[in-house]
Amino acid sequence: MEQLWGLLQGAKRLSPRPSQTIYKHVEGTQQGCPEEEEEDEEVADPPAHFSSMELRGPEPLGSQAGRQNLGLWAAAGRRAAPYLVLTALLIFTGAFLLGYVAFRGSCQACGNDVLVVSEDANYDLGPDSHQGTLYWSDLQAMFLRHLGEGSLENTIRQTSLRERVAGSAGMAALAQDIRAALSRQKLDHVWTDTHYVGLQFPDRAHPNTLQWVDAAGRPGEQLPLEDPDVYCPYSATGNASGQLVYAHYGRPEDLQYLRIRGVEPAGRLLLVRLGVISFAQKVASAQDFGAGGVLIYPDPADFPQDPHMPGLSSNRAVYGHVHLGTGDPYTPGFPSFNQTQFPPVQSSGLPSIPAQPISADIASLLLRKLEGPLAPQEWQGQLPGSPYHLGPGPGLQLGVNNHKASTPISNIFGCIEGRSEPDHYVVIGAQRDAWGPGAAKSAVGTAILLELVRTFSSMVSNGFQPRRSLLFISWDGGDFGSVGSTEWLEGYLSLLHLKAVVYVSLDNAVLGDDKFHAKTSPLLISLIENILKQVDSPNHSGQTLYEQVSFSNHSWDAEVIQPLPMDSSAYSFTAFAGVPAIEFSFVEDGQAYPFLHTKDDTYENLHKVLRGRLPAVAHAVAQLAGQLLIRLTHDHLLPLDFGRYGDVVLRHIGSLNEFSGDLKARGLTLQWVYSARGDYIRAAEKLRKEIYSSEESDERLTRMYNVRIMRVEFYFLSQYVSPADSPFRHIFLGRGDHTLGALLDHVRLLRSPSSGALGAASSGLAPGLGFQESRFRRQLALLTWTLQGAANALSGDVWNIDNNF
């Protein structure tokens, strides 16, 4: 640099001084044009008149000395030129890097795993709005300002007092009231879909029965079933007789344990406890092991026993359907519109054995009659009498006389159209029907749904304009296995997988207030974490929900996140339609809410269980759901963490790795799965980098990215199985031979052939004959190419795909 400075000083001394070029503002017809004039060492007065654009250069150098000086000056310039170019490049590079860092700091799409809008992200309003730009903090404040709390409690109380069994006159009246409530708000569309579905009801003229059977098989004394209205919808009808066996929760491992202890479940009636798995899973497992029927009872050990809190009466039985699936089981895979007749086919999830709920009092009477081995300590409950035995016991006969009826059900819809992406829907829904009072089951969700409709309607009136459309839905037929929502999905499947972004369920949202659980797709985990940090805990003053859930466990997701179970109303959206979904709940610590699916699920009991905090907890759920909706409808880039599924695959592959040696001994390998997983990880990382370096203001590019992001869940639906035969095609969440769970169950047979029945119950398949190489190869192909297809689709265009097979 010193050499450069010397050259420049030399050039300055050698340069001619007689004149300099200066620019002046021109007065006249072309104002604003620069003018150049000569400036001598003593600057003369400006001339009186300028032309509109007059450029005057230096005077000609006529002398020999001048020409020599000019040559020296040119030579110095030639020597300095490389240094001048280098200096300019350094300045340009520094400015570029500063600009890039500044852009990166303000980029709303930046992030390692999830595309998160910053606190200062702005949302432009339409031309008719009287407000300026809305920021995320403005949207939060607007939402909280309009969200009411007092109306929630009153709506819960009033809804729980109304009869609303699916197909009843009371339900029809409530449906009209819900639609009228939506029509009064500032919504763009309100409409109703009606389906004619097959539901099963008890026969009041011929109630279900339970009676003793003597050694000769003759029916004897009848046991009283206290409430003839309590039954298991979709149970097989008819009579089943056999000796009684106690089977704990009725899980496959429980039934396998009975066999190990020498107590055969086949041909017997099984007495199982409520909880851990659904009614449908209990009956399906019993059927897989050859049982003749199932009796399901609530054991006091599984419910709170606080004398200061309300508890379930010992003479109460608990309602629950036993269809291992969702929707109308008499039109599987097809929508039940306009009483459309389909071929006489039934869902494979309908059981072939009868099932009946009984009370703890009846169960106690039965358990006292059991003989055989003593049940292990972890199987012991809290019913009065002697310790539980496995059995067998005396003979029983179960008679189920339920009848099927074609029943109209109605789903009610309200919509706020999006401004920029109106054909992309964020959907939120709540079950409206209930078998009993259903305060926790559906009244809370219905109240929160109506409050969110009112709140977002008020926000629209005050300038709020979502980018994407927002659908509010009140579902019918939920107590029969999410019938209303599944029929809607079946009716519009080809449309919804292209347009539905996320489904948020409000069912079972308040079952306590100690802990928070979220049953969700992995795509939503990062967004949930972000929202939990912005919602106050309803029972820990001064803490956010995130601080509450992470207080005892720094791995917050291990404490909060759970997979979607089949009995969740959100399950069909993900496992059947390929739409990411979430259902969240506040629950009691370690104890289940005792009144769910009983006639004691009243507003008063729910209020007592929550010790008067029902309004505050319901308000927290509304805040959480509302802020999720704002983010999902308004972020420029959808905040779905598409990289998470790479971790899911890795976790499952870790389980498969245990058997790699057994497979290698047979000349088999899991390398295809590893390669497909690697391609998915690379595709996700490539898409993240593309988004990171893109210009957010490019609406066309943003929409292209959003389309790829919102369809990630759909990519995991196997395209190689029929939706009619295997409706739950999701390879991680579904049921069937195409799933990763089924592959893992099959591989376990390499070491434990007796685990076949356990795998059959979890994967939805009949028990096999042991490990079969041809089946393994087919399973591996189904899984691998679904995962590879997800990687290819995430890559974007075909010329961007890089398969490393």
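Trainee: Is strand β6 (residues 209-213) largely enclosed by the rest of the structure or left open, and how many of its residues are buried?

Mentor: Good place to start! The model is predicted: local features need pLDDT of at least 70, side-chain atom pairs count only at pLDDT 80 or more, and totals for chains, interfaces and linings use all residues. Residues are numbered from 1 along each chain as its sequence is written, and side-chain values use heavy atoms, with hydrogens and water left out. Buried means under 20% relative accessible area, exposed over 50%, partly exposed in between (1.4 Å probe, protein chains only); strand β6 is largely enclosed by the rest of the structure, because its buried residues number 4 of the 5.

Trainee: Which residues stand opposite Leu210 in β12 and in β7?

Mentor: Strands here are DSSP runs of E with at least two residues, helices are runs of H or I with at least four, and both are numbered from the N terminus. Two strands pair if DSSP finds at least two bridges between them. β6 runs antiparallel to β12 with 5 bridges, and it pairs with β7 in the antiparallel sense over 3 bridges. Opposite Leu210 stand Leu398 in β12 and, in β7, Leu223.

Trainee: Which residue in the turn of the β6 and β7 hairpin has a positive phi?

Mentor: The hairpin leaves 5 residues between β6 and β7. The phi in question is about 85 degrees, and the residue is Gly217.

Trainee: What is the strand order of the open sheet, and which strands are at its edges?

Mentor: The open sheet has 7 strands with mixed pairing, in the order β7-β6-β12-β8-β9-β10-β11. Each edge strand pairs on one side only, and these are β7 (219-223) and β11 (355-357).

Trainee: Is His403 buried, exposed or partly exposed, and what is its relative accessible area?

Mentor: His403 sits in strand β13 (residues 403-416). With contact meaning heavy atoms within 4.5 Å, and leaving aside neighbours within four places in sequence, His403 touches Leu199, Gln200, Phe201, Pro202 and Asp203. His403 is partly exposed, and its relative accessible area is 34%.

Trainee: How far apart in space are His403 and Arg204?

Mentor: In sequence, His403 and Arg204 are 199 residues apart. In space, C-alpha to C-alpha, the distance between them is 10.0 Å.
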